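Thanks for coming. I will take a few minutes to walk through one structure, and I will keep to what can be read from the atoms.

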Amino acid sequence: MNRENKKRKYDKKYFRTHPCMDPFTCKVCGWPVVPAGAGSSHRNHCPNCLYSLHLDREPGDRASDCHGRMEPIGVWVRKNGEWAIIHRCLRCGKIGSNRIAADDNPMKLMALAMRPFGSSAVSREEIRDMTVSMES
Ligand SMILES: [Zn+2]
Ligand SMILES: [Zn+2]
């Protein structure tokens, strides 16, 4: 293992045991974000607009120097039933996912999850047929 990997491993551990508790103002919508409300030590997105910033190379390491805005592009549900938001960096295109937090805007989350159904790319009938075929 080279020195850089070793350092990264240490940093990761550091952020796992020392959650970042600094409040910050969302650069996208101006919402005052208080980490204490998240019910999670790894809040990295705004509970109001769900945007994130590209700060990590690996989750929690704060090693990226991109700092681009990360647009929420989707929602997925992990095997354990936990929801996560998929973010895509507007600057470099990196895609990452982040667990949702307790105080995330539920309407925004639902809007994100339902967005594909509101598009005209796939008709309602097609969606219904697919849902039926997946259930059987
Ligand atoms: Zn925001
Ligand atoms: Zn980026």
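This is a predicted model: local features need pLDDT of at least 70, side-chain atom pairs count only at pLDDT 80 or more; totals for chains, interfaces and linings use all residues.

Start with the zinc ion listed as ligand 2. Which residues are its protein donors? They are H54, through ND1, and C66, C89 and C92, each through SG, and they lie 1.9 to 2.4 Å from the zinc ion. The angles subtended by these 4 donor atoms run from 104 to 119 degrees, so the arrangement is tetrahedral. For reference, the ideal angle for four tetrahedral donors is 109.5 degrees.

Along the sequence, the donors of ligand 2 follow the spacing H-x11-C-x22-C-x2-C. Within this set, H54 and C66 link distant parts of the chain: both sit in the loop between strand 3, residues 52-53, and strand 4, residues 69-77, and they are 12 residues apart. Are these two buried or exposed? H54 is buried, with a relative accessible area of 5%. C66 is buried as well, at 12%.

Now the other zinc ion, ligand 1. Its protein donors are the SG atoms of C26, C29, C46 and C49, lying 2.3 Å from the ion. Here the 4 donor atoms subtend angles of 106 to 113 degrees, which again makes the arrangement tetrahedral. The spacing in sequence is C-x2-C-x16-C-x2-C. C29 and C49 link distant parts of the chain, 20 residues apart. C29 is in the loop between strand 1, residues 24-25, and strand 2, residues 32-33, while C49 is in the loop between strand 2 and strand 3. At 36% relative accessibility, C29 counts as partly exposed, whereas C49, at 12%, counts as buried.

How do strand 3 and strand 4 run, parallel or antiparallel? They run antiparallel, joined by 2 bridges. L53 has R69 in strand 4 as its bridge partner.

Strand 4 is also joined to strand 5, residues 83-89, by 7 bridges, and this pair too is antiparallel. Strand 4 and strand 5 form a hairpin with 5 residues between them. In the turn, G81 has a positive phi of about 90 degrees.

Conventions
Residues are numbered from 1 along each chain as its sequence is written. Chains are lettered from A and ligands numbered from 1 in the order in which they are written. Side-chain values use heavy atoms; hydrogens and water are left out. Donors are N, O and S atoms within 2.8 Å of the metal (3.2 Å for Na, K and Ca); water is not among the atoms, so sites may look incomplete. Four donors count as tetrahedral if all angles lie between 85 and 135 degrees; four count as square planar and six as octahedral if opposite donors are over 155 degrees apart and all others between 65 and 115; anything else is irregular. Helices (H or I, at least four residues) and strands (E, at least two) are DSSP runs, numbered from the N terminus. Buried means under 20% relative accessible area, exposed over 50%, partly exposed in between (1.4 Å probe, protein chains only). Two strands pair if DSSP finds at least two bridges between them.
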